[in-house]
Amino acid sequence: MNPRALLQEAIAEARQGLCEGGLPIGAVLADRTGRIVARGHNLRVQTGDPTAHAETVCIRNASRRRDWPELALVSTLSPCIMCTGTALLYRIPRVIVGENRNFLGAEDLFRQCGIEVIVLDDAECIEMMGKFIRDHADLWNEDIGR
């Protein structure tokens with residue numbers, strides 16, 4: 001499994017969300033071989049659903065499965081507490097984060113639960129999210145419940 005290649009797929013999802021007028025946050029789920037089994041991007045603005053964060057949408061798109069403990073969740077941004085809880089519920093053992101400078105989610109909770117967290121500190125993710133927060137502070141604050 002190549003974390004950087006998987007992150008590029010999550011970034012493509014983030015860009016799609018941005019093009020749709022939403023937040024530039026994307027996620028993919030991959031199996032042990034690195035094959036993507038689901039993808040998603042933040043759809044909160046597009047659908048009016050306050051729970052439609054990228055990671056939750058991605059997990060929803062994975063449908064019913066029994067191999068959750070063999071998957072990795074890759075997100076362009078550190079997952080919030082809601083998305084962290086969803087990943088914990090399905091026992092996803094590895095979370096790969098594009099960046100956590102613009103928003104530090106519940107990474108400590110993942111670690112407390114024995115989940116491997118890998119932060120790639122990706123410059124493209126940092127810039128894309130930082131620019132969005134500067135340009136659309138109202139949407140960002142709404143997304144994280146401020």
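Student: In which sense do strand β1 (residues 26-30) and β2 pair, and over how many bridges?
Tutor: Heads-up: this is a predicted model, where local features need pLDDT of at least 70, side-chain atom pairs count only at pLDDT 80 or more, and totals for chains, interfaces and linings use all residues. Residues are numbered from 1 along each chain as its sequence is written, and side-chain values use heavy atoms, leaving out hydrogens and water. A strand is a DSSP run of E, at least two residues, and two strands pair if DSSP finds at least two bridges between them. For β1 and β2, the pairing is antiparallel, over five bridges.

Student: Which strands stand at the edges of the sheet?
Tutor: The open, mixed sheet runs β2-β1-β3-β4-β5. Two strands have a single partner each, so one side of each lacks a neighbour in the sheet: β2 (36-41) and β5 (116-119).

Student: How many of the eight residues of helix α3 (residues 54-61) are buried?
Tutor: A helix here is a DSSP run of H or I, at least four residues. Buried means under 20% relative accessible area (1.4 Å probe, protein chains only). The buried residues of α3 run through Ala54, Glu55, Thr56, Val57, Cys58 and Ile59, so α3 is largely enclosed, and the count is six.

Student: What covers those buried residues of α3?
Tutor: Think of contact as heavy atoms within 4.5 Å. The cover includes β1, β2, β3 (72-75) and α4 (81-89).

Student: How many residues has the largest nonpolar core?
Tutor: Such a core joins buried Ala, Val, Leu, Ile, Met, Phe, Trp, Tyr and Cys through side-chain atoms within 4.5 Å. Leu29 and Trp68 are among those with the most contacts inside the largest one, whose residues number 29.

Notes
Buried means under 20% relative accessible area, exposed over 50%, partly exposed in between (1.4 Å probe, protein chains only).
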